[in-house]
Amino acid sequence: MFENVIIGQYLPGRSYLHHMDPRAKIAAVVFLIIVIFLVNSWHGYALFGGAAIAVYFLSGVPFRYIRKGMFPVFILVILTFFLHAFFTRDGEVLFSIGMFSFYEEGIRQGLFISLRLLLLVYFTSLLTLTTSPIDLTDALEQMFSPLERFKFPAYDVAMMMSIAIRFIPTLLQETEKIIKAQTARGADFNKGSMRDRMQAFVSLLVPLFVRAFRRAEDLAYAMEARGYNGGEGRTKLRLLVWGWRDTLCCCLIAVFGVILLFLRQ
Amino acid sequence: MDVNFQEVSHVYMQKTPFETLALKNVNAYFRASSVTAVIGRTGSGKSTLVQHINGLLKPSAGVVSVGEHHLEAKTKRKTVKAVRSHVGMVFQYPEHQLFEETVEKDLLFGPKNKGMDVAEIQKKLPELLQQVGLSESLLKRSPFELSGGQMRRVAIAGVLATNPDILILDEPTAGLDPQGQKEILKLFMNWQRTYQPTTIMITHQMEEAAAFAEYMYVMEDAEIKMQGEPETIYAQRKKLQEMDLDIPEQVQVLQQIEQDSGIRFPHYQLSPAEAADYWRRAVQNGGVPRV
């Protein structure tokens with residue numbers, strides 16, 4: 001039932017990207033997101049596209065997965081494209097349909113924004129597809145830990161995130177189970193009147209929440225019973241290791257950024 | 001209503017790296033009004049099998065026939081819904097499906113969805129509660145105020161409220177104490193005797209299957225590895241043990257007595273008192289055990 005959800009889904013593998021340090025990957029993605037908003041030339045986007053293809057081959061993720069993950073974003077992309085195409089009135093008129101005229105600048109901006117969105121989603125989904133959630137939170141915790149000096153609770157936030165991520169599959173399983181149980185009792189989640197469907201969703205949400213609260217309580221007890229009392233002085237079982245891949249990646253990305261800056265118009 | 005599986009296969013998460021074969025060319029037949037047990041260890045495909053009967057899962061290949069309906073990979077939802085109205089399914093931990101404000105409303109959820117005469121069924125609710133061993137004073141209470149055991153009984157009543165032609169029990173006694181397990185099992189036996197639904201029970205406890213079923217399927221690695229009447233199954237202890245299963249202790253005792261004394265019991269479903277009585281009479285009739 002949830003076979004098609006790939007947001008935040010991790011695909012185990014042994015590719016170059018899988019072996020990279022999550023900190024390097026996060027830094028690279030953040031850097032790329034910033035850079036992508038600075039690109040304003042066709043050369044720049046061509047270069048970016050080339051990089052995207054290169055990273056695709058480094059990731060070892062089947063194309064099917066990426067296509068499936070990007071699909072929902074397409075709707076947004078098409079919408080923004082048309083918004084720009086309709087409402088930007090700069091440059092020459094390319095063609096008109098009825099009362100609408102399409103301007104050169106509008107099409108250009110629409111395409112740029114669409115490309116930006118697509119590349120943005122593409123790189124972030126590759127990040128989550130090739131990095132296990134635990135690695136991600138570990139990396140985020142370390143990257144935010146300098147902020148602890150300013151009372152930012154990096155450790156606790158990371159702990160909360162990893163607990164939340166840890167329970168996503170459990171909750172999905174639970175949801176599927178309850179959907180099945182209520183479907184067996186004749187509830188219909190996809191068809192029927194608004195009223196019936198509301199009723200069906202109530203029959204899903206109430207048990208789901210009841211179970212989630214109970215589980216949260218159990219987890220709190222279990223953590224306390226094992227002596228958990230916050231992050232002070234805790235050591236890590238899994239250490240992040242920075243390797244040659246990560247240095248190489250950061251260098252390449254930096255060079256990439258510089259080239260893109262030169263290609264700006 | 002009878003249920004027939006013909007060469008049914010099921011693949012989970014087809015065309016992903018997580019693809020798994022959960023059923024492999026399964027053939028099985030459940031006679032109308034019979035009681036069948038499906039046994040096997042966790043992950044052997046038992047739940048996948050029974051979820052085909054009410055169309056919660058569709059076969060990747062093969063046909064599941066329920067009464068005159070046929071469920072296949074491309075069956076329309078209308079057919080599935082028609083089948084579903086005949087099938088009641090008690091899941092593991094059924095109390096997790098309770099959600100209404102009152103027990104009464106929750107019991108009526110199934111009948112209402114399946115388009116039955118709600119007023120008629122509402123009148124019968126006190127009787128239904130009694131059949132599952134609860135007092136009718138609970139009708140107006142919230143299901144979340146009840147004890148764990150009571151919640152399970154209410155949930156079971158919620159499934160029985162539609163008086164299904166086919167009743168599927170997926171480890172209905174999981175997580176109960178021995179006394180509770182016995183009571184719940186007894187409840188289903190009584191229900192089966194009164195209303196005669198085709199009953200299919202999943203379990204990994206041989207004792208439970210032994211007490212209830214007239215036919216058994218043993219599953220392992222997505223396939224049906226053994227089938228037959230309980231006696232036939234018990235005769236193949238070695239094979240059962242290879243699948244982490246064993247014959248019930250009660251049967252072990254009776255088989256041991258047979259081996260040592262030469263007396264043959266008519267069947268292994270005898271209660272201890274019946275067995276002792278049978279043995280005494282056999283001895284009196286000259287079938288002297290070599291002690």
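**Exercise 1. Describe how α2(A) packs against helix α5 (residues 104-130) of chain A.**

Step 1. Take the geometry. In this predicted model, the two helices pack at an angle of about 175°, with their axes 10 Å apart. Axes are lines fitted to C-alpha atoms, for helices over the stretch in contact, and angles run from 0 to 180 degrees between N-to-C directions. Helices here are DSSP runs (H or I, at least four residues), and strands are DSSP runs of E (at least two), numbered from the N terminus.

Step 2. Name the orientation. The angle makes α2(A) roughly antiparallel to α5(A). The cut-offs: under 35 degrees is roughly parallel, over 145 roughly antiparallel, 65 to 115 roughly perpendicular, the rest oblique.

Step 3. List the residues. α2(A) supplies K25(A), I26(A), V29(A), L32(A), I33(A) and I36(A). They meet R116(A), L119(A), L120(A), F123(A), T124(A) and L127(A) of α5(A). Contact means C-beta atoms, placed from the backbone, within 7 Å.

Step 4. Sort by class. The α2(A)–α5(A) contact has 9 nonpolar, 1 polar and 2 charged residues. Ala, Val, Leu, Ile, Met, Phe, Trp, Tyr, Cys and Pro count as nonpolar, Asp, Glu, Lys and Arg as charged, and the others, Gly among them, as polar.

**Exercise 2. Which elements give two or more residues to the side of chain B that touches chain A?**

Step 1. Count the contact. Chain B gives 19 residues and chain A gives 17.

Step 2. Find the elements. They are α3 (103-113) and α5 (148-160) of chain B. The largest share, 3 residues, comes from α3(B).

Step 3. Class the side of chain B. It holds 10 nonpolar, 7 polar and 2 charged residues.

**Exercise 3. Where in chain A is confidence lowest, and where highest?**

Step 1. Confidence is lowest in strand β1 (residues 93-97) of chain A, at a mean of 76. Helix α2 (residues 22-36) of chain A is highest, at 92.

**Conventions.** Residues are numbered from 1 along each chain as its sequence is written, and chains are lettered from A and ligands numbered from 1 in the order in which they are written. In this predicted model, local features need pLDDT of at least 70, side-chain atom pairs count only at pLDDT 80 or more, and totals for chains, interfaces and linings use all residues.

Methods
Contact = placed C-beta atoms within 7 Å. pLDDT = per-residue confidence, 0-100.
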